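Subject: Structure for you to look at, with notes

Dear colleague,

Here is the structure that I promised to pass on.

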Amino acid sequence: MRTVKEVSNLTGISVRTLHYYDEIGLLIPTDKSEAGYRLYDDEALETLQQVLFFREFDIPLKEIKAIMANPVLERTQILQMQRKMLTEKKERMERLIASIDDILKGENKMDFTVFSKTEIEEMFQTMLEHMPENIRDIAVKEFGSIEQWKEHYMEVVSSEKMQKGYAKVVEWYGGKDKYLSAVQNPVSKEVAESYNKRIEVILQKLIDKRDCAVDSFEVKEIVGEFGFVMKQFSQIEEEKGLMLAQAQYYHNEKIKPKIDEKYGNGASDFFARAIESFYGKE
């Protein structure tokens, strides 16, 4: 058993902080001496170590307490969670150090990295798990193996161009964590089909108004509905960026023929102009 003073000397945490952790129920002493002094055993020190790991990320004490008290989370799970967080922090620190080294060498290269290597690997695994089996088989056949496919995915997603693109997408979701949460918890196939049918109805209503001005109330009302559905479907906080990206999609010369074939000549341009009129061009 160690006294609060000994724990303080061992960890560098002040006695006052240890007293506070006890008061809020975050780190309760194992026992107390006859004189009323707090005593801590090795298990309590392990708990303190886990608390300090979380504090490395400035996580509020209230949230740390909730995590530590969660009966579903075992000690191993908590350690794995912390290891993942520390790995991501290490990768961010390494990128920052590399950027500083470049500046010191006179090579001031901008770092547009949004997702770490660990996060990209998790994105690939999530995509793999939720992808229809037939599509997955086609991809594996094309790349030769899942590992080769993964290697290609990592290279493409890690590129500066893709990272810049992801920076915009992350804005739409209101932060990287929210985007990753949406990626890891995609809507079901049934829900996706329902949304796609709803979007199809909206596009049909929109093309029926092609003789109206793109800034008319009739057209704006339908585009507003389109944006609302896209926002719900994509689980984003702000749909403007996504809708303007959709307008660019309709401007794509390779896409135009398919859209026009389905909805009539000029449909692709009409959709794009209607969206840009509603949301304003970037």
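Predicted model: local features only at pLDDT ≥ 70, side-chain atom pairs only at ≥ 80, totals over all residues.

Residues are numbered from 1 along each chain as its sequence is written, and side-chain values use heavy atoms, with hydrogens and water left out.

Salt bridges

Side chains of opposite charge can pair when their charged atoms come close. Taking a salt bridge as a side-chain nitrogen of Lys or Arg within 4 Å of a carboxyl oxygen of Asp or Glu, the structure holds six of them. One of these joins the side chains of aspartate 42 and arginine 2, with 3.4 Å from N to O. This pair links distant parts of the chain, since aspartate 42 belongs to helix α3 (residues 42–55) and arginine 2 to strand β1 (residues 2–3), 40 residues apart; helices (H or I, at least four residues) and strands (E, at least two) are DSSP runs, numbered from the N terminus. For accessibility, buried means under 20% relative accessible area, exposed over 50%, and partly exposed in between (1.4 Å probe, protein chains only). Aspartate 42 has 55% relative accessibility and therefore counts as exposed, while arginine 2, at 31%, counts as partly exposed.

A second example is lysine 205 with glutamate 225, whose closest N and O atoms are 2.8 Å apart. Here too distant parts of the chain are linked, with lysine 205 in helix α11 (residues 189–207) and glutamate 225 in helix α12 (residues 217–234), 20 residues apart. Both count as partly exposed, because lysine 205 has 34% relative accessibility and glutamate 225 has 26%.

In a further salt bridge, the closest N and O atoms of lysine 256 and aspartate 269 are 3.1 Å apart. Because lysine 256 lies in helix α14 (residues 256–263) and aspartate 269 in helix α15 (residues 267–279), the pair ties together parts that are 13 residues apart in sequence. Lysine 256 counts as buried at 16% relative accessibility, whereas aspartate 269 counts as partly exposed at 31%. Glu253, Lys256 and Asp269 are linked in a network of salt bridges.

The cavity

A search of the whole structure finds one cavity of 30 Å³ or more, where a cavity is a set of points, on a 1 Å grid over the protein atoms alone, at which a 1.4 Å probe fits but cannot get out, and lining residues have an atom within 4 Å of a point. The volume of the largest cavity, about 30 Å³, is the space filled by probe spheres set on the points, which are joined across faces, edges and corners. Its lining consists of Glu119, Glu122, Met123, Leu180, Val183 and Gln184, and the elements that give two or more residues to that lining are α6 (117–130) and α10 (176–184).

Helix α10 and a distance

In α10, Tyr179, Leu180 and Ala182 are buried. They lie on the same side of α10, because they cover an arc of only 160° around the axis, the arc being that of the directions from the helix axis to the C-beta atoms.

Lastly, arginine 16 is placed in helix α2 (residues 15–23) and counts as exposed because its relative accessibility is 71%. Arginine 16 and glutamate 200 are 184 residues apart in sequence and 62 Å apart in space, C-alpha to C-alpha.

With best wishes

Key:
1 Å grid on protein atoms, 1.4 Å probe; cavity = no way out; pocket = protein on both sides within 12 Å on 5 of 7 lines; lining within 4 Å.
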